[in-house]
Every structure is written in structure tokens, then in C-alpha cells.
Amino acid sequence: MVNTGIIIGHFEPLHLGQIRSILDAAGQAKSLHIIITKHPSPHPDFTITLQDKARWLQMACAELPFIQIHTTNEIALPLHESFDEVSIDITASNAKLQRIIGELSLPTDTVLFVAENHSLAQDGTREQLLMNVITTPLQPEFDSYAIARDPIAHWSAIHPQARGDYTKTVAIVGGESSGKTTLVHKLVNYYGASFVLEMGRLYVGTDLGGSEIGLQYSDYGPIALNHAQAIRKAAANATAPVTIIDTDFVTTQAFCEEYEGRTHPFVSACVDEFRLDHTIMLDNNTPWVADGMRSLGNPDARGRFEQRLLDIFSRHNIQPHLIDKPDYDARYQQAVTFIDQHIYGK
């Protein structure tokens, strides 16, 4: 066993194969330092920061105190599909290793852990490096290049701590009795997805005794806050590349304006701060069904509320995808088609 080792990588996304290599290295070193670098060609559909990647690894290794996580903007690693196409610049590689040793105050006998097939591990190269090289076993079932190129297709390979940054939120919105909640549960079952229930309805049950008679302006802030927390939790525990949200902050704002006659600034801030990836809006052209909590049942009220939603979306530069089929199954099929196209790339 060596005293100190380092692993350098993009970790974008962090996947199970990388974790297995880290665990193998950790079994051979008393102290292991993981240096996270920027990805030279990040995926255009996901905005991932160095801090995101540090959080993934910090959480994954939280109970392994002999592993320390670091980030660097200074050291860049080349992007390659195969190690066969990589040419090693010994002088540049040694300069990077020397910089790491200096910045982290590492001992001179620190070793570098790389995969068995890594170019730095090949005879004729490793002998010229500033650090000794120790190899970790290959993880042939995990292709880092393929996973980075198409994270959705390799969802099961992504480490659970990283999945929250690779799931896309889809809000289902619309007026009262437009079939939102039923559609949400259909989609959740279809995709095996995490989901968030309509927070206003839950709030009425938990804080107002089951009736909207006590609902007032001061309740809309807590409703929005609870919704934000629920969305964050659902995404963090995502079970699929899509996370389904029953209603959104725009809907909460619309009800506030409808019933209280004014805009709530905190809810407005939530619309902008907790931006959802996609919004599917259901047309208010389905039969209205009274459930004891609905009050906008006549055609004028339904039309007014639908226009209010559209006005607030426009105010915040959100373009919802409108589903206008009056048939419930047709709506479901349209929603599946939209998600398949925009998230799964089908």
C-alpha cells in the first residue's frame, strides 16, 4: 500500500465505473486525492459546473474520509474516444503533475492511478513521468465516452448522486378539471419517474383543514416554497431522465391573481429562480368536474383563467407546449410524444 495517490478526471457525468476505479485505488492508498477538471466539450443539453461535480463526488465519498476532493480550472485533459488515439506530451504531463504536487502540498512519493489501458501506463511513457503509475482494473461495461455523449441512453450507469443534474423537469399545467393530475400519474408510471404533487392542494389539506375558505394572500408564499423544496427533492432522487411536476409556480401565481387580485412577488421570484425545463399546458376544453375544491367551472371563468396563465407565461418568457385534444387518452399520447422527442431524443 502507498501513502498518497491521485486520480485526475472530468467525471462528467460521474458514473459507476469511475466510482469502482476510485474504490480500487482507495484500497491501495492510505490517502487518495481526486482532482476534477473541466470537460473540454461539455454536453450542450446540460449545464454542469466544477462545483456540481465536486458535490457528486463529495456526497458519494462522504463516509470515506481518506478520500479528498479538489477542483481545478488550470489543468485540462484532452477529450478522446479511445486511448489509442492519444499522444502523450511528457513535458506538459510532468508540468501538470508538478503543479498538482505544489498546489496540494503532496509528498514526493505520491502515485498516479490510471486505468490499465491508459496511455500514461504504457511502457516507455510511465518511466518518464514525474510520478510512479499504478493501474486500476478496466471497467469494460462502462464506456465513459459513450456515457458523456448520451447520458440519457446510459441513465442506469450514472451515479445516483449525479442523476439530479441529468433529469429534466416537465410541469403539467392547466385550469381546474383539465386532467392534470391524472395525466401526471399516467406519465409517472409510463417512465418510472419521480414526481411532485400539486402543492396548493396539499397545502389546503395540511394547513387549512381541507377547505379553501381560509386561503389568503399570505399562503401563496409558503405554497411556492413548499413546491420548490418538493421539486428539488424529487430531482435529487430522480429515478428517470424525466421528473414530472403537477402544476408550477405560474399556476400558483395565476390563482393568487385570480382570488387576491394582485401578484405575489415571492411567487414571481420562484418562477424565475426555479426554472423548469419544459411545460406542457392542457387546454381547458375537457368536462368540468366538481370535487369540492374547484370554483372556476363556468366557461367564462375557465377561459379567463386560461388566458391568465398564458399572460403570466409570456411575462416570464416561458413558452408552454399546448395540448388541445379534448380526449384524455389523446392528451396522454401527445404528452408521451413530446417527452420522448425533447428528453429521450426519439
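Student: Which residue in E5 does Leu112 stand opposite?
Tutor: This is a predicted model, in which local features need pLDDT of at least 70, side-chain atom pairs count only at pLDDT 80 or more, and totals for chains, interfaces and linings use all residues. Residues are numbered from 1 along each chain as its sequence is written, and side-chain values use heavy atoms, with hydrogens and water left out. Strand E4 (residues 111-115) runs parallel to E5, joined by 5 bridges; strands (E, at least two residues) and helices (H or I, at least four) are DSSP runs numbered from the N terminus. In E5, the residue opposite Leu112 is Val133.

Student: Which strands stand at the edges of the sheet?
Tutor: The open sheet has 5 strands in the order E3-E2-E1-E4-E5, with parallel pairing; two strands pair if DSSP finds at least two bridges between them. An edge strand has a single partner, so one side of it is left without a neighbour in the sheet. That applies to E3 (67-76) and E5 (132-136).

Student: By how many degrees are neighbouring strands of this sheet turned against each other on average?
Tutor: Axes are lines fitted to C-alpha atoms, for helices over the stretch in contact, and angles run from 0 to 180 degrees between N-to-C directions. For this average, direction is ignored. The value is 35 degrees.

Student: Is Asn94 buried or exposed?
Tutor: Asn94 is found in helix H3. Buried means under 20% relative accessible area, exposed over 50% and partly exposed in between, with a 1.4 Å probe and protein chains only. At 18% relative accessibility, Asn94 is therefore buried.

Student: Leaving aside neighbours within four places in sequence, which residues is Asn94 in contact with?
Tutor: Contact means heavy atoms within 4.5 Å. With those sequence neighbours set aside, the contacts of Asn94 are Gln128, Leu129 and Leu130.

Student: Within what arc do the buried residues of H10 fall?
Tutor: In helix H10 (residues 265-273), the buried residues are Val267, Ser268, Cys270 and Val271. Seen down the axis, they line one face of the helix, while Pro265 and Glu273 on the other side are exposed. The arc, taken over the directions from the helix axis to the C-beta atoms, is 155 degrees.

Student: How many Å apart are the end C-alpha atoms of H8?
Tutor: Helix H8 (220-236) is among the elements that cover the buried residues of H10. The expected span of a helix is 1.5 Å times one less than its number of residues. For the 17 residues of H8 this gives 24 Å, and the end-to-end distance agrees, at 24 Å.
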